[in-house]
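Work through the exercises below with the sequence and the structure open side by side. Try each task before you read its solution.

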Amino acid sequence: MLKTVKKFFGASLLVMCVMPISQAADNMQAFPAAEPGMLRHVLQVPVQEDEAGFKVELIVGKTVEVDAHNRYFFGGQISTETIQGWGFERYLVKQIGPMAGTLMAIDPNAPKLARFVSLGGEPFLIRYNSRLPIVVYVPAGTEVRYRIWSASPETRSMEKS
């Protein structure tokens, strides 16, 4: 009897671990392969107790050789598309560049540094949803990074004026 119970719990644990992976694979059927010259990046975020308190920031850019003193950014934007027939969102950067930056005078002989330079503008925050993959299409040679933002459970009252 004890062996049967152990086998049942072992099989149950295996199913619970494999189910999210198979669910993610099923959801990927909705997302087309990347077009020539483009790459598809996929992120599956972990389950959170209260996912409404989280956001995902998408950061698209490249690692380039630049000086250490100026701030740089690329032109371009992340757009959102809904996949017909599925209702899922996908994110697309059609092109990246040109690179721009501040124009602080520096020593022309100063060594260059390899630094990640992202798209300019406001942070691109999206809803946190562990049930669906986050799929981003970018030009080849472009990196996609992300950051998880979380809200404090504490709220505060504002003063009346």
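**Exercise 1. Placing Glu57**

In which strand does Glu57 lie? Then decide whether Glu57 is buried or exposed, and find its polar partner.

Solution. Note first that this is a predicted model.
- Step 1: Locate the residue. Glu57 lies in strand β2.
- Step 2: Check its cover. Buried means under 20% relative accessible area. Glu57 has 7%, so Glu57 is buried.
- Step 3: Look for a polar partner. The side chains of Glu57 and Trp149 are joined by a polar contact of 2.8 Å.
- Step 4: List the surroundings. Beyond neighbours within four places in sequence, Glu57 touches Pro123, Phe124, Leu125, Arg145, Tyr146, Arg147 and Trp149.

**Exercise 2. The chain as a whole**

How many helices and strands does the protein chain have, and what share of its residues is buried?

Solution. 
- Step 1: Count the elements. There is one helix, and there are ten strands.
- Step 2: Take the burial. Of the 161 residues, 27% are buried.
- Step 3: The chain exposes about 11800 Å², with 58% of that supplied by carbon and sulfur atoms.
- Step 4: Look at contact range. Among contacts with a separation of 6 or more, 82% link residues 24 or more positions apart.

**Exercise 3. An open sheet**

Work out the strand order of the open four-strand sheet. Which strands stand at the edges?

Solution. 
- Step 1: Recall the rule. Strands of a sheet pair through backbone hydrogen bonds, either parallel or antiparallel.
- Step 2: Write the order. It is β1-β9-β5-β4, and the pairing is mixed.
- Step 3: Find the edges. β1 (38-43) and β4 (79-82) each have a single partner strand, so one side of each lacks a neighbour in the sheet.
- Step 4: Neighbouring strands here are turned by 25° against each other on average, direction ignored.
- Step 5: Take β1 with β9. They pair antiparallel over six bridges. Arg40 stands opposite Tyr137 in β9.
- Step 6: Take β5 with β9. These two are parallel, over two bridges. Tyr91 has Val136 of β9 as its bridge partner.
- Step 7: Take β4 with β5 (residues 89-92). They run antiparallel, joined by four bridges. Thr80 stands opposite Tyr91 in β5.
- Step 8: Check the cover of β9. Six of its six residues are buried.

**Exercise 4. The nonpolar cores**

Which residues touch the most other members of the largest nonpolar core?

Solution. 
- Step 1: Name them. In this core of 17 residues they are Val56, Leu58, Ile78, Tyr91, Leu119 and Ile134.
- Step 2: Trace the sources. β2 (54-66) and β9 (134-139) each supply at least two residues of the core.
- Step 3: Look for another core. A separate one has nine residues, including Met28, Met38, Ile83 and Phe88.
- Step 4: Follow one member. Neighbours within four places aside, Leu119 contacts Val60, Phe73, Phe74, Gly75, Gly76, Gln77, Ile78, Val93 and Ile96.

Conventions: Residues numbered from 1 in each chain as written. Predicted model: local features only at pLDDT ≥ 70, side-chain atom pairs only at ≥ 80, totals over all residues. Heavy atoms only, no water. Core = buried A, V, L, I, M, F, W, Y, C linked by side-chain atoms within 4.5 Å. Buried < 20%, exposed > 50% of the residue type's maximum accessible area, 1.4 Å probe, protein only. Contact = heavy atoms within 4.5 Å. Areas by Shrake-Rupley, 256 points an atom, 1.4 Å probe, with all protein chains shown as cover. Polar contact = N/O pair within 3.5 Å; in protein donor to acceptor, adjacent residues only side chain to side chain. Pairing = 2+ DSSP bridges. Axes fitted to C-alpha atoms, helices over the stretch in contact; angles between N-to-C directions.
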